[in-house]
Amino acid sequence: MNKILAVNKLPDALNRYIALFDLDAFFVSVERLQDKRLIGKPVIVCGMSGRSVVSTCSYEARKFGVHSAMPVLMAKHLCPNGIYVNGHMELYRKYSKMVTDIIAGKAPVYEKASIDEHYLDLSGMERFFDCYKWTQELRQFIIKNTGLPISCALSVNKTVAKIAADEVKPNGTIFLPRHEVQAFLDPLSIKKIPMLGEKTFQVLSSMGISTIQMLRETSPGTMKRLFGKNGEVLWEKANGRDDTPVIQHRERKSLSNERTFEKDTSDRELLERVLITMVEHLAYDLRKEQSLTSCVAIKIRYSDFTTRTAEKHIPFTSFDHLLIKAIKELFETLYPGNLPVRLIGVRFSSMVKGSWQMDLFDDTPQMARLNSAMDMIRNRFGTDAVKRAVDINTPKKD
């Protein structure tokens, strides 16, 4: 049964109207469309190797303590009678595009935040339509035309819409006007605030701060001293404030990088180091944009300007080690050696929106944490702050 929380009075016209449409247990829902026997069962979507981790799981499986990014072996211990399904990213991409196409045809401004989340900015529509009724009609249209369960929250900004959508899942709806936002947020755990990480949670918990109300009543100065600019942002979110715009969706088709050498070179080790450096930078950009790629390519231009290219299709990923492996395999097949190279390049294409956790079907949690740690260092100190050992002596771009 749908959970519907709403009021009859619409908020003032000066307020923003931001909606979040969030597909419920998306991968599992798609698998259930293919096999009706999975409906109502504890379903875990993951890789099939013993070192894989859970990508997503049904709400029935979550009752056993299973969650995303958990090692599959642990999930099987908690839920031995669960149904473990290998992921089908191409299929998920197809259904994600179906939802995006529906929203694109009806919404004035939308942002595809991930493979299963879309933000809509309906501000101004309240002069002509009941915005909440409009979102309900769109939600029903999506369900009817895709068969996928989807939750929707309408409120005054992205943060509140995100928290509210999580609270009414699965298959729920909610409308929170400005004057009801704080009463809704206050009793919730601070863990509900988007982007509040585990370390920040531990620090706040040690201070006795457990609810959003308690965080809101903490002085912004204290939050800034403890966590810097991020502390101020968290305090604003606890107060139901977030000016982040809904950025009109533009599907990026590819990422690429090229290097033209000052002097032509046939140094194979140097060429490989340059390729690895390019892959690391592009993979970092992928993760920043919350995107995955399924096609990698290299380009080599020789001293006589002859140009050769090669590409390879791979499972969707944004992990350095998988992308480096694919690029090195292409390089081995394309470069015969001993020929002077003028330019070398790398290109990622066939991209789809999705967080890095979505490509964990065949990767270990340790590798996921490594990529996350490296990204944190790069975010703070720059893209060249951390490199693989093989990359350290790579000359800067000319």
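**Close-up views of helix packing in a predicted model**

**View 1. Helix α12 against helix α13.** α12 passes α13 in a right-handed crossing. The model is predicted. Here α12 spans residues 268-288 and α13 spans residues 320-334. Their axes lie 9 Å apart, at an angle of about 140°. From α12, the contact draws on Arg 268, Leu 271, Glu 272, Leu 275, Ile 276, Val 279, Glu 280, Ala 283, Leu 286 and Arg 287. From α13 come Asp 320, Leu 323, Ile 324, Ile 327, Lys 328, Phe 331 and Glu 332. By class, the residues of this contact are ten nonpolar and seven charged, with no polar ones.

View 2. α13 has 15 residues. From first C-alpha to last, α13 reaches 21 Å, close to the 21 Å expected at 1.5 Å a residue. Buried in α13 are Asp 320, Leu 323, Ile 324, Ala 326, Ile 327, Leu 330, Phe 331 and Leu 334. These residues cover an arc of only 165° around the axis, which puts them on the same side of α13. Lys 325 and Thr 333 are exposed, on the face turned away from the buried side.

**View 3. The two faces of helix α4.** α4 covers residues 89-106, 18 residues in total. At 1.5 Å a residue, α4 should span 26 Å, and its end C-alpha atoms are 26 Å apart, so the two agree. The buried residues of α4 are Met 89, Tyr 92, Tyr 95, Ser 96, Val 99, Thr 100, Ile 102 and Ile 103. Viewed down the axis, they fall within an arc of 160° and so line one face of α4. The face turned away from them carries exposed Glu 90 and Gly 105.

**View 4. Helix α4 against helix α5.** α4 passes α5 in a right-handed crossing. α5 is formed by residues 131-146. The two axes come within 11 Å and cross at roughly 145°. α4 supplies Tyr 95, Met 98, Val 99, Ile 102, Ile 103 and Lys 106 to the contact. α5 supplies Trp 134, Leu 138, Phe 141, Ile 142, Asn 145 and Thr 146. Nine residues of this contact are nonpolar, two are polar and one is charged.

**View 5. The whole protein, for context.** The protein has 398 residues, and 51% of them count as buried. Its secondary structure comes to 14 helices and 13 strands. Among contacts between residues at least 6 apart in sequence, 69% join residues at least 24 apart.

How values were computed. Residues are numbered from 1 along each chain as its sequence is written. This is a predicted model: local features need pLDDT of at least 70, side-chain atom pairs count only at pLDDT 80 or more; totals for chains, interfaces and linings use all residues. Side-chain values use heavy atoms; hydrogens and water are left out. Axes are lines fitted to C-alpha atoms, for helices over the stretch in contact, and angles run from 0 to 180 degrees between N-to-C directions. Helices (H or I, at least four residues) and strands (E, at least two) are DSSP runs, numbered from the N terminus. A crossing is left-handed if the near helix is turned anticlockwise from the far one by less than a right angle, and right-handed if clockwise. Contact means heavy atoms within 4.5 Å. Ala, Val, Leu, Ile, Met, Phe, Trp, Tyr, Cys and Pro count as nonpolar, Asp, Glu, Lys and Arg as charged, and the others, Gly among them, as polar. The expected span of a helix is 1.5 Å times one less than its number of residues. Buried means under 20% relative accessible area, exposed over 50%, partly exposed in between (1.4 Å probe, protein chains only). The arc is that of the directions from the helix axis to the C-beta atoms.
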